[in-house]
Amino acid sequence: MNILEGTAFECPMRPFGGIEQLAWNPNNNEVAYTCRKKTGLAYAVSTNSDIYLYDVATRTHKNITEGNGGYDTNPSYSPDGQWIAWQSMERDGYESDENRLMVMNLNTGEKRFLSRTIDTNVDEYGWYNDSSLLFTACWHGTVQLYHVNMNGYVSRLTEGQFDLVLGDVSDHYAFLLGHSMRQANEIYRMDVSEWLRKDNGDYAHTEIWYEQPFDTYNQLLDKLTSENDNIYNQIERGEVIPRWQKTTDGKDMLTWIILPPHFDPSKKYPTILYCEGGPQSPVSQFWSFRWNFMMMSAGDYIIVAPNRRGLPGFGMAWNEQISGDYGGQCMRDYLTAIDEACANLPYVDKDRLGCVGASFGGFSVYWLAGHHNKRFKAFIAHDGIFNMEMQYLETEEKWFANWDMGGAYWDKTNSIAQRTFANSPHHFVDKWDAPILCIHGEKDYRILANQGMAAFDAAIMRGVPAELLIYPDENHWVLKPQNGILWQRTFRSWLDRWLKENQSQI
């Protein structure tokens with residue numbers, strides 16, 4: 001039975017929704033589902049999805065989140081069927097709004113905002129029992145596991161330099177994926193009941209249980225798999241060091257410094273500034289098979305990876321500052337990160353600096369290429385925005401362009417939008433003076449491939465050394481293994497060419 005038959009609507013929602021966007025209640029007589037019931041332009045410019053309850057017997061739909069402006073997604077019933085939980089964003093059109101954990105009493109209709117106290121996003125969640133839930137959230141560059149009861153009292157269950165992904169909750173255990181910049185996913189199990197027994201219900205509990213490196217674990221967080229140990233035992237991996245830096249406006253910014261294997265502090269190393277995408281995606285302890293810090297540093301490079309303005313995990317004010325200010329504080333944060341590293345880390349070679357990034361990170365590379373004041377000797381931009389006026393019209397995420405750019409470029413009375421488009425990287429090509437590699441996928445509808453092609457053409461016409469790598473069969477990500485190998489080889493050879501081999505040519 002298709003409960004949306006005869007409508008123009010969908011569940012799961014495109015392009016990323018999955019089975020998490022619908023749930024059966026314990027009695028199997030009701031389905032909760034996520035849907036954005038809009039069409040045409042309204043669908044294109046809105047993030048306003050809702051949670052609907054479908055009564056199997058009467059075949060009726062009830063909207064339980066009507067009146068909330070933004071995303072409502074991922075419903076889940078409590079084991080006893082008395083409550084329903086979901087994730088919710090408040091503002092329409094803002095896809096990076098605070099992702100809140102909400103619950104509703106199905107008997108009384110009372111709603112509660114359970115994650116109010118944490119000032120960051122809820123990533124995944126699951127019911128622990130009838131009256132409490134577990135969830136993961138990013139804070140200060142790592143993703144940890146939390147417990148919350150129905151009164152909104154939150155306790156952090158883990159602490160360490162790693163990221164956790166909540167999988168299943170069963171028989172008092174949480175099953176998780178765990179990874180870090182040094183290690184791909186392995187499966188972990190945490191005895192939540194034992195933690196709560198030790199905690200004695202004290203939700204103001206602040207003792208840190210997990211201070212050990214991620215490769216070790218204590219009695220409550222058990223590592224169930226060691227799938228890649230045979231590989232790790234054959235290679236050397238660089239260390240990852242957290243470093244707090246003062247920004248130009250006096251804030252504290254966390255920057256990860258990734259060292260190469262066999263690091264020698266008496267040597268000077270070429271150094272790469274990593275620019276994160278999103279723009280509101282955390283530089284947490286993520287593991288990637290493409291933007292992989294162990295691979296980057298293995299070429300005898302230092303990596304500087306700042307949590308600049310516009311990233312979650314440092315409070316919503318920090319996260320939201322970037323909207324409408326693409327060429328502003330976030331760029332000053334990038335320059336702070338690399339300048340402070342050059343000034344205070346003796347192993348950083350300030351005469352051999354590179355700058356790399358994808359998506360918003362690619363935009364950052366294009367922007368910094370016109371504003372870096374001779375800092376960098378090479379750039380790599382993957383799927384980046386080059387011409388923001390074209391991006392406003394081209395992207396499939398119209399709500400994103402409206403919110404983050406501040407509005408349409410033709411609205412001359414909109415000062416925020418006018419500032420955004422005045423900072424489009426294509427306006428500063430006359431300042432480009434360092435070699436640049438442009439990478440793009442022709443199936444990318446988030447940022448079309450003509451952005452990368454135009455940036456490459458601009459560099460060539462300016463007389464700046466440039467290369468273009470186009471993938472006809474990739475979208476906003478490089479997903480095919482052979483394409484990934486080509487990506488890694490091209491990435492490394494470009495940096496080696498300009499930061500190691502051809503210093504006299506720059």
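Reader: Which residues are linked with Arg91 in a network of salt bridges?

Author: The model is predicted. In this model, Asp97 and Glu320 are linked with Arg91 in such a network. A search of the whole structure finds 21 salt bridges.

Reader: What makes the pair Glu239 and Arg182 a salt bridge?

Author: The side chains of Glu239 and Arg182 meet at 3.8 Å, N to O. The cut-off is 4 Å between a side-chain nitrogen of Lys or Arg and a carboxyl oxygen of Asp or Glu, so the pair qualifies.

Reader: Why is this pair said to tie together parts that are apart in sequence?

Author: Glu239 lies in the loop between α3 (229-232) and β17 (240-246), and Arg182 in the loop between β14 (173-180) and β15 (183-191), so the pair joins parts that are 57 residues apart in sequence.

Reader: Why is Glu239 called partly exposed, and why is Arg182 called buried?

Author: Glu239 has a relative accessibility of 45%. Buried means under 20% and exposed means over 50%, so a value in between counts as partly exposed. Arg182, at 18%, is under the 20% limit and therefore counts as buried.

Reader: How do you know that Glu340 and Arg243 form a salt bridge?

Author: Their closest N and O atoms are 2.8 Å apart. This is within the 4 Å limit, so the term applies. The pair links distant parts of the chain, with Glu340 in helix α6 and Arg243 in strand β17, 97 residues apart.

Reader: What makes Lys350 exposed, and why does Asp351 count as partly exposed?

Author: Lys350 has a relative accessible area of 52%, which is over 50%, so the word exposed applies. Asp351, at 43%, lies between the limits and is therefore partly exposed. These two residues form a salt bridge, with the closest N and O atoms 3.7 Å apart.

Reader: Why is Gln280 called buried, and where is Gln280 found?

Author: The relative accessible area of Gln280 is 10%, which is under 20%, so Gln280 is buried. Gln280 is found in the loop between β19 (269-275) and α4 (293-297).

Reader: With which side chains does the side chain of Gln280 make a polar contact?

Author: One of them is the side chain of Ser96, at 3.1 Å. Another polar contact, of 3.5 Å, joins the side chains of Gln280 and Ser323.

Reader: Which residues touch the most other members of the largest nonpolar core?

Author: Of the 93 residues in this core, Leu273, Tyr274, Leu368 and Trp432 touch the most other members. The largest share of the core, eight residues, comes from helix α6 (residues 329-344). Leaving aside residues up to four places away in sequence, Leu273 touches several residues, including Val304, Tyr334, Leu368 and Phe376.

Reader: What makes Trp477 partly exposed?

Author: Trp477 has a relative accessible area of 34%, which is between 20% and 50%, so Trp477 is partly exposed. Together with Phe16 and Leu479, Trp477 forms a nonpolar patch on the surface, with about 340 Å² of accessible area together.

Terms used: Residues are numbered from 1 along each chain as its sequence is written. This is a predicted model: local features need pLDDT of at least 70, side-chain atom pairs count only at pLDDT 80 or more; totals for chains, interfaces and linings use all residues. Side-chain values use heavy atoms; hydrogens and water are left out. Helices (H or I, at least four residues) and strands (E, at least two) are DSSP runs, numbered from the N terminus. Buried means under 20% relative accessible area, exposed over 50%, partly exposed in between (1.4 Å probe, protein chains only). A polar contact is a pair of N or O atoms within 3.5 Å; within protein, one must be able to donate a hydrogen and the other to accept it, and residues adjacent in sequence count only if both atoms are side-chain atoms. A nonpolar core is a set of buried Ala, Val, Leu, Ile, Met, Phe, Trp, Tyr and Cys residues joined through side-chain atoms within 4.5 Å. Contact means heavy atoms within 4.5 Å. Patches are made of residues with over 30% relative accessible area and no salt bridge: like charges are joined within 9 Å, nonpolar side chains (Val, Leu, Ile, Met, Phe, Trp, Tyr) within 5 Å. Accessible areas come from the Shrake-Rupley method with a 1.4 Å probe; for residues, only the protein chains shown count as cover.
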